[in-house]
Amino acid sequence: IEDLSCTMVVFGGTGDLTHRKLIPAIYNLEVEGLLPKNFAVVAIGRRDLTDEDYRNKKYEGIKDFSRFKLDEAIWNKVKDRIYYKKLDFTNAEAYNELAPYLKGIDTKHNTGGNRIYYLAVAPEFFGNIVENLDRAGINHIKNTWQRVVIEKPFGRNLESAEELNTKIVNVFKEENTYRIDHYLGKEMLQNIMVIRFANMLFEPLWNNRYIDNVQITSCETVGVGSRGGYYEKSGAMRDMIQSHMLQLLSLIAMDKPSNLDPNTIRDEKVKVINALKELSEEEVKENVVRGQYGANNNEKGYREEERVAKDSETETYVALKAEVENARWAGVPFYIRTGKKMPKKSTEVIIQFKLEEDRLYFNEDELLPNTLVIRVQPMEGVFLQFNAKEPGTRKKIAPVHMDFCQNCQVGINSPEAYERLLYDVMRGDATLFARWDEVSASWKYVDGIIEAWKNDRPQFPNYKSGTWGPKEALDLLDEEDRKWLEV
Ligand code: BG6
């Protein structure tokens, strides 16, 4: 069993992610009894704070954001393991001082010198921090493990991602590099492989003979809020499709791996992304729809948001039809959509099966295709729709549902993605992290679309805040006699 003892060094220690997600996750791991005994967090930031100031702020953060209620006894066990270190991480000199400081913490908490370097800073600093750590020899400690965790975005196209990747793996090697895609930490994403491969019921039907189409939706009610600066340079294609949506697609479409080894699983996932049909400029026009929300009643339009250009062409919505060109999936469209300022927050995957070909009940217009719905959030569960005779009628057929709602059951309080992911970094399990070839394959696909967009100016805004996106997204399926199934 791997030794989980370690010091976690968080760059961006006063940032939002650390406040809302990382420190609450650490606290929740302690509640669950999963936090190693020999463990410390060193939060690095530019502000002038004492350990005490910092702990007090994080205490408030846990109150606001932790899934378990703050319990003083548990907090007391956690708080003395949290430190704040003021440091300008862009200054290479400063790392000379960081080295002995971290050694001191290692000794005090008996961590054996194992470390996690968590980069929760703006992406332009990723490469620089890693190089500075290396130059100061901070990560060169014999007989220890040294791992780096990189938040998204991992580059903004294939070229910049490659450049960043080279810098990182030069210092940490691929096996010690943990690229976060927080969707992979969600319970139901981890469940997709189990549902598919631990049941005889689905896998034999999981192909183009029986499946008509797959719909993957992740919609949000929120807009860009205070993240306009980042989002302007990103847009929904880079922000959601390149990462979360393609990860979801690869889990749905992958072949059965021969074992559960992290690399075997990721080998299968990356094959799917590599098999995505490349779209020509003409095909991008036909198969990809982009949108941007406009004002509606009291709701601001995207162009009115903070740090967003008044004539911004950044997309806040994307719907597209993807095709996986392999024997299993040839001819099956994967419709993917994601958007901000939608009527509802929901992430789900709908597998729509074909209708029986030689239908006995062909006169029955109520006959609906079977659908299997994997609900990721906010509801977690699996739902199956099939046809049955309506009681009391002679032969009226109606769709019925079998529901497994995972988080409706009392006492189920699913761990948050970051708890699972941090724990996995400590254990050295990279299954739920994006490997470099997955990241590069997704960029390749997404870059092709973004490139084609450059020659075609969008007419924005084209959907009202609080609605289901531009009309063209409906046409996308309409033209093929299909429709988006309700999420
Ligand atoms: C992030 C994106 O990766 O995922 C955000 O940068 C988005 O723009 C968020 O809001 C959605 O995550 P979740 O877990 O709320 O679905």
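Let me begin with His 182, which touches His 244, Ala 417, Tyr 418 and Leu 421 when residues up to four places away in sequence are not counted, where touching, or contact, means heavy atoms within 4.5 Å. This is a predicted model, in which local features need pLDDT of at least 70 and side-chain atom pairs count only at pLDDT 80 or more, while totals for chains, interfaces and linings use all residues. Residues are numbered from 1 along each chain as its sequence is written, and side-chain values use heavy atoms, with hydrogens and water left out.

His 182 lies in the loop between β6 (177-179) and α7 (187-197); helices here are DSSP runs of H or I with at least four residues, strands are runs of E with at least two, and both are numbered from the N terminus.

Glu 220, by comparison, is buried, with a relative accessible area of 13%, and its place is in the loop between β7 (211-219) and α8 (228-232). Leaving out residues up to four places away in sequence, Glu 220 touches Gly 339, Lys 340, Lys 341, Met 342, Lys 344 and Lys 345.

Now to the ligand, whose surroundings include Lys 152, His 182, Glu 220, Lys 340 and Gln 377, a residue being near if one of its heavy atoms lies within 4 Å. This shell divides into two nonpolar, three polar and seven charged residues, and helix α9 (residues 235-253) gives the most to it, with three residues.

Which distances separate polar side-chain atoms from oxygen atoms of the ligand? For Lys 152 the distance is 3.0 Å, for Lys 340 it is 2.8 Å, and for Gln 377 it is 2.6 Å, where a polar contact is a pair of N or O atoms within 3.5 Å. Taken alone, the ligand exposes 400 Å², and the protein buries 81% of that, with areas from the Shrake-Rupley method and a 1.4 Å probe.

Conventions. A polar contact is a pair of N or O atoms within 3.5 Å; within protein, one must be able to donate a hydrogen and the other to accept it, and residues adjacent in sequence count only if both atoms are side-chain atoms. Ala, Val, Leu, Ile, Met, Phe, Trp, Tyr, Cys and Pro count as nonpolar, Asp, Glu, Lys and Arg as charged, and the others, Gly among them, as polar. Buried means under 20% relative accessible area, exposed over 50%, partly exposed in between (1.4 Å probe, protein chains only).
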